[in-house]
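This report examines selected side-chain contacts, salt bridges and nonpolar cores. The model is a predicted one.

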Amino acid sequence: LLTTIITLNDHTKEWSFIKIDFTKTLKKDCDYNDYEIFSPGLHDKSTCFQGQKGFTYRRKHPVRCKSLLDKLLKIPHHICPCTLDDFGCTFGNYFVNGQCIKDLDENENKIFDMCVPGEFLIMPSKAKILEGDICKSTEEWTAPESDICKFTSQDNSISVLIGSTIKYAYVNGNGKQEFINLPIDLNNVGNIKSYCVNFRLRCLYVLNGTGIIQFCYNKKKIAYSTFGEIFLNDYSILGMRLDQTSNNIFYYGLKDIVVINEISKYSRIIYSSQYDITYVNLFPTVGIIVFAYAKPDEVSDTYCITFISMIGERKSNLCYNVPIVLVAHDAQNKHYVIYLEDFVSKVDYNLEFVKKIATDTQDILEAYVNGKTEYFIKKNGIFFGNNAHYNNHITHGYFHFILKSENKAPCLLAHCDIFCFTSSSVLYECGCPNNMVFNKTVLKCVCDASYPNCTACKSNEYHCKTKKCVPISNRCNGVDNCGDLSDEKNCAMTCKIDELLCDNDSRCVSFSQICDNVNNCKDGKDELNCDKVLERGLYSYKQIL
């Protein structure tokens, strides 16, 4: 309570020091009852600022005593429940009547970060808690996090397809899963046969009636896009599976199982079946593919499962007299769990019988088994332990449970050119497209004399006789893209109703180009039998049929 005042005289340039002692003005030392608790800067005690109320002590008026603040216990800040004042709108949205509304004028200039580990900004919600605000969120103010970038392999999760919406939920120990809509618009995709997600490349693949469509959420433009990119145009595909340990998608038609690399789009037929394939599943950690089929018989059909390696080498098969629903892999017990109508059969890795269990397998779409743990996705809900989520409109679903061995997948560090396959006998095997071989010296897929029909063309490219690769969309478009017209031969002789088919180059000429005094067909067919007439001082042409 000693104060010193220092002054300077402008005229004499002399400094003065004045010392004031206030100790005699305070008659006593403060005690706890001389103080009151208050919140600095707030006149209303019930008001919070940035989600908190800070408290401290001040002397009551008009008490005068020597300070005791350094001896009083500090009061912790009180965290307040969130209110509307704690929220603001994200970039590209503005506040109207208590809601954040998207600014349509900003669509062309959105700034979004790509999905990278630790940064999940591609699809922010419209509202967010203000920076520095630490209010306590409640269900009233917070919606489930719908950021697709957080849908990764870092946490076990479940996803299901309901109509044209994919919902996913993280699986935690308390069994309380909250399913969130994946923020990708699939309404324009059509009838969805299947889907899969590559967490490492951050791409969603959807199979519809025309082929596979790709939605990569590592791209900025996906934030406002409602259309994916065509990954593979093939209407004969029945189903697909993704190998999370590599960048390979395995898809199948009636007879063939094919692998396509997600990055290069090169493909390879893994296996061709004598019978119609009805089901395929992958178990990359043990290097196995299983597929099911029915063998017709005059008396009754036989239903079989064949086990092949990831590169298509046949291992063995099992057959039953009832249809096969699906196959799961029990990594803990080293079993394959085969779900058939009315019962479940367990076999070991040598396909020796272990156990048969009578159970209801009706409506099962997917199963996860690991030791005593058994989860199901059915057409009417998701079931795990004593917990269940019911929905009668589930058509597909997957358990995205990544084993520790998959996180250390050898293919991620392999020196393969196009395909890498996990194997039960070695760490990995390199593979190449059909009719190509892997050169271990240069670590590349190359053509050699043993495959005269070798081509380096991708699945979305056409192989010209000149050995040139052109986009498949350029096939039969009336343009000599190959240089030898090989891409314009053996074309389907069809044109639209308002088009004319040229004879020698299979080009379709639109109605507006007929009789326009330009040979749009190489043989001039579109300019034959045209009668010159005078119209408004200009020459026009009409075709005489």
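## Surroundings of S272

The side chains of S272 and D256 are joined by a polar contact of 2.7 Å. S272 belongs to strand 21, which spans residues 267–272. Beyond its neighbours within four places in sequence, S272 is in contact with K255 as well as D256. Between S272 and K255, which are 17 residues apart along the chain, the C-alpha separation is 5.6 Å.

S272 is classed as partly exposed because its relative accessibility is 47%, between the limits of 20% and 50%.

## Salt bridges

The model contains 4 salt bridges. One of them involves K255, the residue that is also in contact with S272: K255 pairs with D276, with the closest N and O atoms 2.9 Å apart. This pair links distant parts of the chain, since K255 lies in the loop between strand 19 (248–252) and strand 20 (256–261), whereas D276 lies in the loop between strand 21 and strand 22, 21 residues apart. K255, at 34% relative accessibility, counts as partly exposed, and D276, at 36%, also counts as partly exposed.

E366 and R241 form another salt bridge, in which the closest N and O atoms are 3.0 Å apart. E366 is in strand 30 and R241 is in strand 18 (residues 239–243), so this pair ties together parts that are 125 residues apart in sequence. Both of these residues, E366 and R241, are buried.

A salt bridge also connects the side chains of K28 and D34, with an N to O distance of 3.6 Å. In this pair K28 is partly exposed because its relative accessibility is 39%, while D34 counts as buried because its value is 7%.

## Nonpolar cores

The largest nonpolar core has 28 residues, of which I305, F307, Y320, Y336, I338 and Y339 touch the most other members. Strands contributing two or more residues to this core include strand 22 (277–283), strand 23 (288–295), strand 24 (302–309) and strand 25 (314–320). Strand 26 (324–330), strand 27 (335–340), strand 28 (343–348) and strand 30 (364–370) likewise contribute two or more residues each. Strand 27 supplies the largest share, 5 residues.

Not counting residues up to four places away in sequence, I305 touches V290, F291, A292, S316, N317, L318, Y320, I324, V327 and I338. Apart from this core lies another, of 24 residues, with F250, Y266, Y271 and I311 among them.

Notes: Residues are numbered from 1 along each chain as its sequence is written. This is a predicted model: local features need pLDDT of at least 70, side-chain atom pairs count only at pLDDT 80 or more; totals for chains, interfaces and linings use all residues. Side-chain values use heavy atoms; hydrogens and water are left out. Helices (H or I, at least four residues) and strands (E, at least two) are DSSP runs, numbered from the N terminus. Buried means under 20% relative accessible area, exposed over 50%, partly exposed in between (1.4 Å probe, protein chains only). Contact means heavy atoms within 4.5 Å. A polar contact is a pair of N or O atoms within 3.5 Å; within protein, one must be able to donate a hydrogen and the other to accept it, and residues adjacent in sequence count only if both atoms are side-chain atoms. A nonpolar core is a set of buried Ala, Val, Leu, Ile, Met, Phe, Trp, Tyr and Cys residues joined through side-chain atoms within 4.5 Å.
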